[in-house]
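Please read the points below with the structure open beside you, and check each one against the model as you go.

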Amino acid sequence: MSTAEQLDPETGHPSSCGCTACTLTRQLDATPKGYTAPEQRTDVSAAIAELAALRGVDLPAGTVHRCECGAEVASRGDTCAPCTTANSAELRRMVLAKAWRSLPAWPWAEIGPKCPAHRDLLEAVATWGRDVGHMLLLGRTGVGKSTAAIAGAKRILRRAEGQALSADEMTFAVGLRFVEARNLIADVRAHGGFGGKTEPPLFALAARATLLILDEVGFEPADAHNDPIPRLLERRYNAPSRRTWITSGLTSKEFAQRYGAAIGRKMGIEEPERGRVVEVFG
């Protein structure tokens, strides 16, 4: 070292030293306050550590961020992969809770060989998709129309619970509702029909449902309180994204006579491109 060469007061090194700490110090001295050139950013951590070592300073360990379960994660507020999966599943269960609560608690209503519903009805609900359209499950008492419909609804909700679907598919599952026709009629009667400023609440809910399962249609008195069933079906048919399943003891011919040929066609009677009709009367 030349006798004329001065030691840097910050590092204690000769002013001509080319180590990382000295180089960074000279660069920082020549840089306007508040500005750090992009190419210097990758060297800052190493330079700070070298400066600390020269001065005999022990740097504290870097901050460790942890998930709520204790696992180390990259940033504050992050969750680990297992917790992310569990949290997503719990969120899906929460948003589907109302759809689940609308279903009768029938443990036997499950798609499978032990289900008491007729196999044609079970196959119809097991293979149904939104592209199929609406669906009529018709048959005599005891063939399992309601059981099959509930089993099909459970299939849709379990699929939505078990995997991350698209927003459109999840919204469809969340809006599923099961409504008994007799309860709908009672709701309209209690509300005084449709003459007021608001619609009967159960009718309004049924009209909004993305997938409505309307159970045991066809036994309400004719023209009961402004015919809520055809009014509801017309409303839902005019909302193309909504789907309706109906269970009834009427034959397809009787259904069309009771509610009109136009509604029958919209539900798939004689026009299978609009919906699926399954009849079990044998």
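1. In this predicted model, helix α6 is mostly covered, since 13 of its 18 residues are buried. The helix runs over residues 145–162, and the distance from its first C-alpha to its last is 26 Å, close to the 26 Å expected at 1.5 Å a residue.

2. Turning to the aromatic side chains, the count comes to 5 aromatic pairs. One of them joins Trp128 and Phe172, whose rings are stacked, with 6.3 Å centre to centre and 20 degrees between the planes. This pair links distant parts of the chain, as Trp128 belongs to the loop between α5 and β3 while Phe172 belongs to helix α7, 44 residues apart. Phe172 has a relative accessible area of 6% and is therefore buried, and Trp128, at 4% relative accessibility, counts as buried too.

3. Trp128 also pairs with Trp245, and here the arrangement is edge-to-face, with 5.2 Å centre to centre and 80 degrees between the planes. Because Trp128 lies in the loop between α5 and β3 and Trp245 in strand β6, this pair ties together parts that are 117 residues apart in sequence. Both Trp128 and Trp245 are buried.

4. Taken together, these ring pairs link Trp128, Phe172 and Trp245 into a cluster. Phe172 has a charged neighbour as well, for Arg130 lies over the face of its ring, at 4.3 Å from the ring centre.

Notes
Residues are numbered from 1 along each chain as its sequence is written. This is a predicted model: local features need pLDDT of at least 70, side-chain atom pairs count only at pLDDT 80 or more; totals for chains, interfaces and linings use all residues. Side-chain values use heavy atoms; hydrogens and water are left out. Helices (H or I, at least four residues) and strands (E, at least two) are DSSP runs, numbered from the N terminus. The expected span of a helix is 1.5 Å times one less than its number of residues. Buried means under 20% relative accessible area, exposed over 50%, partly exposed in between (1.4 Å probe, protein chains only). Rings of Phe, Tyr and Trp (its six-membered ring) pair if their centres lie within 6.5 Å; planes under 30 degrees apart count as stacked, over 60 as edge-to-face and the rest as tilted. A charge sits over a ring if NZ of Lys or CZ of Arg is within 6 Å of the ring centre and within 35 degrees of the ring normal.
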